[in-house]
Amino acid sequence: MRAPVCVTVLVWLLSDARQFTEEEMSAVRQRIKSMFYHAYNSYLDNAFPYDELRPLTCDGQDTWGSFSLTLIDALDTLLVLGNQTEFQRVASLLQDTVDFDIDVNASVFETNIRVVGGLLSAHLLSGRAGMQLEPGWPCSGPLLRMADDAARKLLPAFQTPTGMPYGTVNLLKGVSPTETPVTCTAGVGTFILEFATLSRLTGDPTFENAARQALRALWKTRSDIGLVGNHIDILSKKWVAQDAGIGAGVDSYFEYLVKGAILLQDEELLNMFLEYDRAIQNYTRFDDWYLWVQMHKGTVSMPVFQSLEAFWPGLQSLLGNLDSAVRTFQNYYSVWRQFGGLPEFYSIPQGYTVDKREGYPLRPELIESAMYLFRATGDHTYLQLGLDALESIEKITRTPCGYASVKDLRDHQLDNRMESFFLAETIKYLYLLFDPAHFLHGGAAEGDGSWEEGGEDRQCVLGAGGFIFNTEAHPLDPAALYCCSRHAQDRQELRDILLSLPKEKKKTRSKPAAKHTEDPPHGPSVSIALKPGEKKTPPLLSCPVQPFSARLSILGQVFTDNT
Amino acid sequence: MLRRVRQSSLRQALFLMARRPGLLCGAVLLGVLLVLAVKFTCSRAKNVVAAARPPVRFFSAEAPIVDLYLGQLDQVERLRSVAEVSLIFFYAPWCAHSMAARQEVQQVAKKLAKQVQFLAVNCWWNHGKCRKQNRFYQYPIIHLFYRRFGPIEYKGPYVAPYVESFILRVITPLTYLPSRDALKEFLSYHEPRVVGFFQFNSSPQPPGYMTYLSSALQALKRDFRGVVRFGVVTNKQVAEAISLKEDESVYLNRRFNSSLIFPRRERNFTSEAICSWVFEHRETVLQWLQPPGTKSRLLEHELSKGPALLLFLPHNPLGTKPSPMLQQIADIAVRYHSCDNANHSSSEETSPPHSCCQSVPLPEFSARVCEVCLRLSPSSLSSSSVRCSFSSTTTRGGEVFQSHLRHCCLHRLPAASLNSSEGCSHFLSSYSPFSQYSACCREVEPQLNQSQAKEEQAAPLPPPPSPLAPSSQTGGGITGLRCHTNRTLRFYVLDVALNWPLAERLGATGNRSVSPHQGAGAQGDGSFATIVHLKDEVHYVLHRSAAATLTESLEAFIRNFSAPHSLLQRHLVGEEDRTAGEGETPHADTQQPPPRRFITELTTSSFLPCSHGRGKGCAAVLLHSVVWILLRSQPRPHPASAAVAGKRLRHRGQGECCP
């Protein structure tokens, strides 16, 4: 909304360390910036144009393809940190150097979230970065064309009988005939944000249709108790790995159902998620941990917490399910405090890492959840986690060139890798956590910079209503989607309504409601008073009521779920 | 790192070559091989790993703390064995909490280094003995040892005064009570007190004494504040004051029920047994709460017991005596819980404070008197010769008296004359725990009017027909209220500095950057009081006017809550901002505008006036719906903010609060 409550809440000066003052937060932001530039400059100096920096040997390597992945991924982080000039330089550099007509086998999923997502958000932010804009921006532009180009290379993977995509595609030749048909669940259901954005911006519905087809196909394969496994054969629709949970292999599928529903105001996606959520809460949740269960029987198969699962509290907060989110977050936070990072697998009964899964590749998920929960609650516990993360990463993983993944959290041995999501996500969320007035949070101070204009005849209002982050933390602006897809049409309708208003009052009132079928059923004259005995069901895409105890759940205090 | 090694070795080789050219060929060959080998391994970098850096000192060298940064646990044992009291600080060098606590511990160490051995142990380094023998789930951890007794884990906040006060408690777990006066004073506090009687005349140390002392240390494990105090009496005459006759007996002082003596025959005389016996049978009228900061259900556990009065007070754990404010509240809590008051129980400790009063007829109003009472706590009454003296011959007493008279009867009467239900006001001009003035304006019966000065025991008025109507209550109107009402309150105290975020959530206002001890819901002393009723989903906030004292307003607050039809206004989130915004003149050129809520909690009664043009709050509500209806995907609220919106837009039981 407008300037959020937290902005002004933060100005208190308190003796207790639990409360951060504006000065402290600004100091932390500076530290995060210098962390970013240490890693970013090391990449440019030692690794560019490879995909990733290797921080122990100070050189680069290609990992997910060969398209300077770290640079594409980090591009919008530059703008988040306020560096417009470098953003402009890199954006033009990428336009000149990156080529997707290469004979490389690339992961469809990773290419989508990192490359397509990165380019889309860079495109949407290029107005704020002060770049030269094409007249039709945000509905056209060089970065959008690049994103379109990259996404088009992925489309052959969707050409399957079921509509679910292969996991890997050759960017030049399409799907290899020997390609395995086994794909992870997230690899099937993590396209709707980028693909719908592409479709709505360019007007070409192919992408959104492909993503929706895959989602619907996947929805039909869920088990009788409403769960999905984590690997599926996309040709036979058989579940190859039947562990159901919210972590690796599944995580971003659920994330995209929720975020897709919000971005596109799509109740179909939200209904899918809510149904999954019921099953997840029913079968996998124990003491606010989420375990892995057999997808058909619901029996516990792995009592572990995975680092990737830490996105879940943030996702819950997007739906207003704060009390449950807070409790789960506290569980995960306790694991962080035990090791100074989240191990890939953490055995809940043993309270320790799992063999061969002790690493922490600088993942962002817990920080991401902290950011959402701080936005929703204003509780400084989440800032404290941010500070914990900052200190740990600096103390444990900093090397002379960049930041190294932790190979083993038990002794903090380092690995020779710095994944591109460290710059794209970890640092971005950390920075946004400590900058509650940031424009990505949906408008800073009212007035300058809280929105911008765009579209045909500069008629659209952009960036005024908050952003949706894809699973690689690339922000997408819902207003831009609206601007390029429905804005002109709606304006025309509105004009018709206004012009015909005096003549046929009755008709006009029902007209817009009939056209916008996906609208929540609100009329301008809905009465707020309830008749006795009437029960009002809230519209699906609205926020639920918080329990009374929510006002007391601060400072680590949690309350039992009464539902 | 690797590169640096490579460079330095190359530099060395070049240096050698310059001196002995014969080596050149071999060196070049070797160098090429080396470079090739490095290049080869690096290009297959999968197996390049780096061990964690070896640990370094965590504390600065000046700090009087032994920093065992290699986790040498055996050193800990050695150093601990020679010290009377030692503190061990287990840390992880990467942990932000350890870093923050480091400052605090350092501060305490500078003060107490002479009495306490401070040890810091890196319990993270996996080659260190500490890590090998312990598994901690979080850092830092503080353990204390009193000689061989321990570890006593510190569970309080990592703030210097709290840590220091805890250490002081460990250093002197027992209070020596040499005289009857000391004993009286020791027992006069509202907190649980334990007294042990040990005669030291026979042997240098009675056998049970160490057990008793460890039970005091044992209690510190459960309660880092050391609320339960343990005293020791060695003199037979002193012990007789609390009718302890047998040597090596332990006495638990209680106010409302009879005090207890540890049943040595039924229970083993061990420190654990004594400690659990004390915690089982103690009386608590006022309980400290301190959320630990990690996931906990402390508040839920306490609040689900029933309605709770949460008092947020400034607190200095190092103060030798409880602050005056805390004493006043303790006094209220004790009176609230004193149920047998009407029967005038014989026990001296349980009886309410004595009062002596003087009625002063007011010249302007013939039917009214002003009654000024000096309330005396029992111990002072018995131990000293304070009389009911309002004589204006002692100038100071006269002054106090006059000022009270002015305060109560002359200033208040015009208002009170309209409403004769004026209760008593308690004053605190100079606080002494033993005496307190109060003044009541009363409609007087003729026969009462004649008594000029009378000794009374806490106003034995006829029991009011409705026990709760505040109009029929006078001085100490909440005495024994606990037993008259079915809405029993529990009293909780929280340190406002540590729990300000919670207070703020519950409606405490005040910009604490101006002064830490100002604002806070119009309470100039930095305190904040609220009643939370979890089951009914309501909470009330005490709004104090500048004229009323803490005791006065708190008593009225409690009385109003206890009334069958609660006289209090439910606190709604956001309401005080609106009223404050209207009442206050805005600061000229404020750099920091006061925190503004954008969403106000509404009920049906407040919705209509608000929606008809008055409220900014409603604009938000309407904005919410307008966004969804008309503008659709244009300025869409951030979902998380909308979640906050949802939280505030709570269905309130009285009707739908928002569209």
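How many of the six residues of strand β20 (residues 528–533) of chain B are buried? Let me take that question first, with the reminder that what we have here is a predicted model. Six of the six are buried, so this strand is largely enclosed by the rest of the structure; the cut-off behind that word is a relative accessible area under 20%. If we follow the side chains, B:Phe528, B:Thr530 and B:Val532 point one way from β20(B), while B:Ala529, B:Ile531 and B:His533 point the other way, and all are buried.

Now to the partners of this strand. Strand β13 (residues 308–313) of chain B runs antiparallel to β20(B) and is joined to it by five bridges, in which B:Leu311 has B:Ala529 as its bridge partner. With strand β21 (residues 538–541) of chain B, β20(B) pairs in the antiparallel sense over four bridges, and there B:Ile531 stands opposite B:Tyr540. β20(B) and β21(B) form a hairpin with four residues between them, and in the turn B:Glu537 has a positive phi of about 55 degrees.

Let me turn to a sheet that involves both chains. This is an open sheet of three strands, with antiparallel pairing and the order β18(A)-β19(A)-β1(B). At its edges stand β18 (406–408) of chain A and β1 (49–50) of chain B, each with a single partner strand, so one side of each is left without a neighbour in the sheet.

Definitions and conventions: Residues numbered from 1 in each chain as written. Chains lettered and ligands numbered in written order. Predicted model: local features only at pLDDT ≥ 70, side-chain atom pairs only at ≥ 80, totals over all residues. Heavy atoms only, no water. Pairing = 2+ DSSP bridges. Helix = DSSP H or I, 4+ residues; strand = E, 2+ residues; numbered from the N terminus. Buried < 20%, exposed > 50% of the residue type's maximum accessible area, 1.4 Å probe, protein only.
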